[in-house]
Structures are given as structure tokens and as C-alpha cells.
Amino acid sequence: MAIKDSTYVLAAPTNTHTVSIMNRDSFSYPTTHFDLNKPLWDGVSNPKWFDYYMCGWKGIIDYLQVPPLGMDIFVAGSVPPSAGLSSSSSVVCAAALATLAVHAGGKTFEVISKDQLAELCAKAEHYIGVEGGGMDQAIETLAEAGCAMRIDFKPLGFQKVNLPENALFAVLHSNALMNKGASSHYNERVVECRLAAQLMAKKHEITDWRGVRTLRQLATHLELEPREMEDVIKKEMKPVNDPYTRQELVKLLQITDAQLNEHSLNQNTIHLQTFYLTARASHVYSEAARVHEFQHACESGNLKLMGQLMKASHESLRDLYECSCAELDDVVSKCEAAGALGARLTGAGWGGCAVALVDKRKKKEVEEKLDVLFWSEPSAGLEITFLKK
């Protein structure tokens, strides 16, 4: 679900050949200028704040296939940075919408649908070197006030989910920051999931096993539901705590080391020698099942079950996906001790925020025991306003 905190972009075309990007907090986020007479920005591997803006900008320029115009950009916002609250993706989405409006003569969703924009922004964010999914961009683009969204991928699909009337969410900061674009942690999990899918695809004699890039694609090929896939992984792969080595994978996939790099890894993961495939796949399939179960719990108003699923989710993220940290685990424990029905990390992990489910009737009681960053209910997604001269 989308939160009320937002990223704001003020954009105007200019008669120059420069894209100038300024931030209200110019001390922390210095102004930068891109000269359009030079080779166009084409991505980076260690992104600065403005590179996220350029992801959205380039995504639209490539989509429209138009010469880029000079622009003055001013960015401000209230989303805490590096907190697992999609601050970077919000910049990408806001940049894409602003660039679209300027380059399409004031038109926006007459030129591209909201779901197409969400997919465009998800792909565009890969320019900063992280193979992210599309959940952040989808909810930021498609959200409607008052309801959560169940989001599916490949193809992108979305379904409104009404939350129980007494469901309230507390967001708490762990005080540990994590910039997923500045490390390989996130990409490591992506390639471990990819390798698990490819290894099982090879084992099940799927001809184009190299084309299987996600665990969902594997489940689709095998025509099995997430809980059924959990059983398959448990029976046919190594024990959860037993990693696969690079040499083992090369042998099992019947490829060379160079082909492993080409077909499965990415630039900042080719150094890896061991891969915890069983643990990562087990988490992904159990988490997919929890999404279905959480939706049903929402629809039946079962707050207790919703909390239990959030707790199980965090435990899986901590133990199987290994993307939590001591600070996040501590926050989650404190939430449960304070009377929250359940809590889990939010975002990529390794730092940032946790989100806790609280019965509205116990808000004051819980708030007295916790350092709540903010309380949240489902908010609307991106909006655009045209200012008259």
C-alpha cells in the first residue's frame, strides 16, 4: 500500500541544452547538470541521488523516441531515504511522469497507461545496476486511497484489497541505513533465485531452461502452486543450510564458468563462489503463499491471522532470505512485545524500516511503548498538476 509521504517534482522546459536537477536539501543532495550536447546519460553502477531521477527521465525519452528537451527540475520530498520505504523508486516514478508531461505536450495517461508506466519505471530503475522487481513502482503508480493492492507480475496485474476497518500500520525506523544501489546484496539474492529456478528447470528437462529467469516462471512451467513448489524444493534440492558451489552448478547445468556468468549472474555478482539456492527458493515460495493467505485474511477481517503471517514473513526473511539485520530484528521484537499483532521488515532489507500491524483500538497503548516514525493507512498513488504561467 502507498503511504502519504511523497516525493515532489517541479519541472519546466527551457530553451537550453541542459537538464538541471536541484534538490530542496542542496547540502545533502547537490545540484547537477546534464549537457544534452554530450552522449546521453546511460546508467551508472554506483548511483548518486540524481541518477535515480535520470532513470525515470531516460525511460520516458526512450519510450517516446523524441529528442530530449532542456529542463529545470526541482525535487523535494518527505519519504525517509534508505529506509525501505521506496524513496528511490518514488524519485524514478516522479521523474518519469514529469518528463512525460513536458515531452508529450502536457499529455500523460493519454500517451501511456498507468500500468505501462509502472512497468517502464521498474525497467528504467535497472539503469542504476540493481535488478529490482516492480512492486514499489507498481504501488506508487496504481495505488488508490483507502485500499491496499495485491500485485502480480509477468504480466503485471493488480487487484484492490480492502483492509479490515480496525487495521492500522505503524512504521518504525531501525536506525540502520541501507542503500541497495551501493552494494551487491540485493543482486545476490536475485541471482540465487534465478539459479534455483534454472537448476530446477534443467532437472525437470525444460528445454529452454536458460530462459527461466524467475521462480514464478518455474512454477508456471511445472503448473504448481506456491505451497506445492515448497514441497518440490524440499524434496529435490539440497538441505536449506547447504550451499551450492560454483563448480557444482557448472557441472549440474552442463555449462562453462563463463556461461554461468553470462546466463545467470550479473556484473556485481560474478565474484560469488557459493549460493544458498534452497533457502532462497523456500522463502520465495512460502512468501508467495503468504500473500494469498494475507489477502484472504484481509477479506475476512481476521486481524490475528494477518499479524501471524507478518511475523512468519519476517522470520523467513531473517532465516531463509537473510536480508534482515540485528537492528530490524530488535524493532520487530519490540513491536510484538508492545502489543502489535505482527511486524516485519519492509523494503529490500539490511536496514531501514519495519512495519507493524496494530488494532486501531490499541493505538495509544502501543504508541506509548514504541518510537513510531509514522502511522499509515492506504493512500493514493502519483498525481500531476499543471501550473499556468
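Modeller: Start with Arg-189, which has a relative accessible area of 8%.

Colleague: Why is Arg-189 called buried?

Modeller: Buried means under 20% relative accessible area, exposed means over 50%, and partly exposed lies in between (1.4 Å probe, protein chains only). Arg-189 has 8%, so Arg-189 is buried. Glu-192 has 3%, so Glu-192 is buried too.

Colleague: What are the ground rules for the numbers?

Modeller: This is a predicted model: local features need pLDDT of at least 70, side-chain atom pairs count only at pLDDT 80 or more, and totals for chains, interfaces and linings use all residues. Residues are numbered from 1 along each chain as its sequence is written, and side-chain values use heavy atoms, with hydrogens and water left out.

Colleague: What makes Arg-189 and Glu-192 a salt bridge?

Modeller: The term asks for a side-chain nitrogen of Lys or Arg within 4 Å of a carboxyl oxygen of Asp or Glu. The closest N and O atoms of this pair are 3.5 Å apart, so the pair qualifies. Both residues lie in helix H5 (residues 185–203), three residues apart, about one turn of the helix. Helices here are DSSP runs of H or I with at least four residues, strands are runs of E with at least two, and both are numbered from the N terminus. Arg-189 and Glu-192 also belong to a salt-bridge network with Glu-188, Arg-280 and Glu-322.

Colleague: What makes the salt bridge of Lys-360 and Glu-377 a tie between parts of the chain?

Modeller: The side chains meet at 3.1 Å, N to O. Lys-360 lies in the loop between strand E11 (353–359) and helix H13 (363–367), and Glu-377 in the segment after strand E12 (374–376), so the pair ties together parts that are 17 residues apart in sequence.

Colleague: How do you know that helix H4 is mostly covered?

Modeller: Six of the eight residues of H4 (residues 135–142) are buried. Among them are Ile-139 and Leu-142.

Colleague: How many salt bridges does a search of the whole structure find?

Modeller: The search finds 20.
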